[in-house]
2 protein chains.
Amino acid sequence: MDVDIGNALASVASPGVSRASLERLDERVADAHERIERGMANREHGYEALNLPERTDPDEIRAAVDPVADAEALLTVGIGGSSLGAATIANALEGVEPRSTGSRTESDGTETVFLDNVDPAWVSRKLASLPLEETAINVVSRSGTTAETLANFLVVRDAFESAGVDWTERTIVTTGDSGPLRDLADRHDLPSLKVPDGVPGRFSALSAVGMVAAAVCGHDLEALLEGAAAERESLSGSLFECPAYAYGATTYALDGRGAGTNAVMPYAESLETFAEWFAQLWAESLGKDELGQTPVRALGATDQHSQLQLYRAGPRDKLVTFLTVDDGPDRSIPETDVDDLAYLGDSTLGELLAAEFEATEASLAAAGRPNVRVELEAVDEYELGGLLYGMEAACVLAGELYRVNTFEQPAVEWAKKATRGLLGGGEFEEAEAVAEKTELRVER
Amino acid sequence: MDVDIGNALASVASPGVSRASLERLDERVADAHERIERGMANREHGYEALNLPERTDPDEIRAAVDPVADAEALLTVGIGGSSLGAATIANALEGVEPRSTGSRTESDGTETVFLDNVDPAWVSRKLASLPLEETAINVVSRSGTTAETLANFLVVRDAFESAGVDWTERTIVTTGDSGPLRDLADRHDLPSLKVPDGVPGRFSALSAVGMVAAAVCGHDLEALLEGAAAERESLSGSLFECPAYAYGATTYALDGRGAGTNAVMPYAESLETFAEWFAQLWAESLGKDELGQTPVRALGATDQHSQLQLYRAGPRDKLVTFLTVDDGPDRSIPETDVDDLAYLGDSTLGELLAAEFEATEASLAAAGRPNVRVELEAVDEYELGGLLYGMEAACVLAGELYRVNTFEQPAVEWAKKATRGLLGGGEFEEAEAVAEKTELRVER
């Protein structure tokens, strides 16, 4: 990815960051980079995620999915970091031809469904929509105990059994070294992959966690890792030379100057899930100690007709991160004899989308609202690998600058215990606190 | 809808609002309510939206869609307020049985697709996925000139013609009294409906703009309007007696105390689009004069594994609005002999989801983070009508309290002119400003 932080400068925007401030910040970036390189070299918890481009073995993943490589549909059962990376890759690459092979063949058209919630009506509808006898199951949970994932997996198994389909022939497990899912994989001799040690879920897209789905869909795993490796090569001690650090440092600097919200707005439908993945990465890594930007998922051009009014004229507490794609398929807009629309007939949808982006970027700059442009050459395996790795590196850098513990998520535990207690899964004081709710009800 | 603002009280949360403050604010609510009632009585711009439950004629809408009532799929071409209301209703009610008739028949299963972006690859994929000869077109633009909508409509017409399907037999137009779309409807004698005067797009869900799709899908239009009318009846001069005003006043008060972000988190997949609709309503109505809360779309339980860390331990700048549903279909979790998961086997997915909600709500309260609960009895036409109307009334009330012009969106115009200029649709100084971009590029 390339990054343009021109519209975040104090000469353009308020809040904005001056060149002099960026140069001073660059000294801290150099120190942070040293810390990151050391963490990677020592394979420390979290930092190890940045080693995935060299650690992940595509052959191992392909071997594990081989029994279901011809599946018409893939049902991934996971939540949070066990789902969003896979969904980001699968949704971005739907219909994209592989890059490294030079083949003109599209990816194999596998339908991908992500069971990442326990809403009963929705789960039932998803299951009913799938041809179970042609569907593979990809169940992902590091601990093997995640309540939503395991509940859904029990439901899915049951649905397969009810339909007379042997789920043990169609299930791939990705989990840790031990736990209920690991036991289950052993008992039924299921193909299984390991969630890599030292890699938190939200940083695991470039491991088996994110790549099993890509493998079943026939995407080019090597190109994903090559794109990430190229981004890894660009990590350096200066934000002015490294797109990932430029992004991480600029967002940190703007947050400190009042831009507590980071609206991520891809101008590509295929990257809508990426914005969700980014939101988890950013929120769960940096949202602690009363620090951290709030990520907001947006989409161009659609949200120009929804959020732009606020971004341009609301409180000066936002950074907008645009994500643009240089090349892709296009489609002509047919000509029309309606005068007021004639100008559209000389264009393509892609040109319209590009003009909408340029106009929106300029409209924020003209109103002095900070924004950053992240550019991809295309939406393909190589560029996507670079984007995911680059944003992870940006996040790790930001975590160093904030001085937070980027790789933990302690605030999530309270609700997990309370949930378990409420369902009779043990004694937890958190569950008792639920009953003490303060009410002030207003009813119709 | 019912509302519980107990967890927004200063006795629970920081920021929070004291009962004494709420009582003082209630005097301003009484004044605002008078203003709103006067605006409704005089059918003033914007306030007229709150009259829709009595103004919208379901028979007229059903008559217009009659020629395509049996369509297998409905393609809605619109953007922003011309799409989100229809999508919210259609997505919420997918698979829901009508309420007022007491029938056990499900809605008719029409597939709904919303073409609300101009991404060329995505538009082509959507079109290719539809059985065009069985697809109806619902094109919506008040002005009839919205670039994205008209460009897409030209593309859609062309695709139908290429497939040998007569689009003039399958298209319903919803637009203003004049403009290119109105001319086109007249020229081809298309069934057409009018975007009601005085009703901004984001407030038009309960007019033809939002209800054509519901009608084609066989949903109960009367029940939608009855639910809205019941909410309208509840509008009163006190926030302690009116759920909509309780919500609007509480969010306003919390924003003033530092909660500049409002994360809307339905615990129902079918209400995910509602969160998008709410985000437009809130952002475009209140985001002006450097005021306005930033709406964030979240989803329970999924985002517990993504955003909860930030909500509970990040900056104290957020309100979380939970949206819960009392009744709905459920599904048992099968029993398992795995010890650590045995507790799940005594439960249902619905019970798990409810426990996750209660745990998350309590976990925020325990950390002193303000949150509000909005409760629906079910997801059906009646409750949904009440929810949409209630949130619109809440927004209008908040607009009065902020003293902003709730019903305009002037900051969107700049980018529209620039886009048009960039595509050669006329001379606009905004388009020239685009070329003056300040660059600070960091490349790999």
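This is a predicted model: local features need pLDDT of at least 70, side-chain atom pairs count only at pLDDT 80 or more; totals for chains, interfaces and linings use all residues.
**Notebook: chains A and B**

I then compared the two sides of the contact. Both copies use the same surface: 100% of the contact residues of chain B recur in chain A.

**Contact.** I checked how many residues take part. Chain B puts in 146, and chain A puts in 146. I took the buried area next. It comes to about 12,100 Å² between the two chains, with 59% from carbon and sulfur atoms.

I picked out one pair by name: A:Glu290 and B:Arg316 meet through their side chains, N to O, at 2.9 Å.

**Make-up of the chain B side.** Which element of chain B gives the most to the side that touches chain A? I found helix α13, residues 349–366, with 14 residues. I sorted that side of chain B by class and got 65 nonpolar, 39 polar and 42 charged residues.

I followed strand β11 of chain A, residues 441–442, to its partner in chain B. The partner is β1, residues 2–4; the two strands run antiparallel, and two bridges join them. Within this pairing I noted A:Val442, which stands opposite B:Val3 in β1(B).

**Backbone of chain A.** I went on to the peptide bonds. The bond that joins A:Ser14 and A:Pro15 is cis, with omega about 0 degrees. I placed A:Pro15 in the loop between β1 (2–4) and α1 (19–41) of chain A. I logged another cis bond, from A:Gly300 to A:Ala301, with omega near -5 degrees. A:Ala301 lies in the loop between β8 (294–297) and α12 (308–313) of chain A.

Is phi of A:Arg43 positive or negative? I read a positive value, near 55 degrees, in a residue other than glycine. A:Arg43 sits in a loop of chain A as well, between α1 and α2 (52–55).

How values were computed:
Residues are numbered from 1 along each chain as its sequence is written. Chains are lettered from A and ligands numbered from 1 in the order in which they are written. Side-chain values use heavy atoms; hydrogens and water are left out. Contact means heavy atoms within 4.5 Å. Buried area is the accessible area (1.4 Å probe) that two parts lose on being put together, summed over both. A salt bridge is a side-chain nitrogen of Lys or Arg within 4 Å of a carboxyl oxygen of Asp or Glu. Helices (H or I, at least four residues) and strands (E, at least two) are DSSP runs, numbered from the N terminus. Ala, Val, Leu, Ile, Met, Phe, Trp, Tyr, Cys and Pro count as nonpolar, Asp, Glu, Lys and Arg as charged, and the others, Gly among them, as polar. Two strands pair if DSSP finds at least two bridges between them.
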